[in-house]
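Let's take a friendly walk through a structure together. Have a look at the sequence and the model first, and then we can go through the details.

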Amino acid sequence: PRLIEAVADDSHHVRKAAKAAVEVLCSSRDAEDIRAYGTPAVLRLQQKLRSGDWRVRCAAAWALGTAGGATALCPWRLAQAMSDKSADVQVLATWALGSLQLAVAPAL
């Protein structure tokens with residue numbers, strides 16, 4: 001969970017390194033592990049969607065989309081992020097919701 005959380009860290013360098021590590025894990029056989037262990041991090045990442053820094057909000061949306069099934073617990077936070085003042089956050093939130101492959105119409 002700490003790796004997933006680090007993707008939305010306040011430090012640009014930590015976010016960048018964590019994102020690279022998650023991408024490597026997701027492209028390997030360990031993808032299911034990162035999705036399973038992502039569950040405890042989901043609530044913290046959802047809080048990061050409210051950060052004052054748009055880059056942190058982008059990273060949180062990306063991490064929630066990468067966490068997969070765990071994010072399905074609260075898709076409405078990503079639905080709300082689709083209305084973010086940052087177009088980048090909107091795009092990543094939309095991608096994250098799409099990656100969940102859920103019927104999220106009630107959340108919208």
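What percentage of the 108 residues of the protein chain count as buried? The share is 42%, where buried means under 20% relative accessible area with a 1.4 Å probe, protein chains only.

## About the model

This is a predicted model, in which local features need pLDDT of at least 70, side-chain atom pairs count only at pLDDT 80 or more, and totals for chains, interfaces and linings use all residues. Residues are numbered from 1 along each chain as its sequence is written, and side-chain values use heavy atoms, with hydrogens and water left out.

## Overall fold

The protein chain has seven helices and zero strands; helices here are DSSP runs of H or I with at least four residues, strands are E runs of at least two, and both are numbered from the N terminus. Contacts (heavy atoms within 4.5 Å) between residues at least 6 apart in sequence join residues at least 24 apart in 60% of cases.

## A look at R57

R57 sits in helix 5, which covers residues 54–67. This arginine is buried, its relative accessible area being 4%. A polar atom of the R57 side chain lies 2.8 Å from the backbone oxygen of S51. Beyond its neighbours within four places in sequence, R57 is in contact with residues including K48, S51, D84 and V89.

Notes:
Buried means under 20% relative accessible area, exposed over 50%, partly exposed in between (1.4 Å probe, protein chains only). A polar contact is a pair of N or O atoms within 3.5 Å; within protein, one must be able to donate a hydrogen and the other to accept it, and residues adjacent in sequence count only if both atoms are side-chain atoms.
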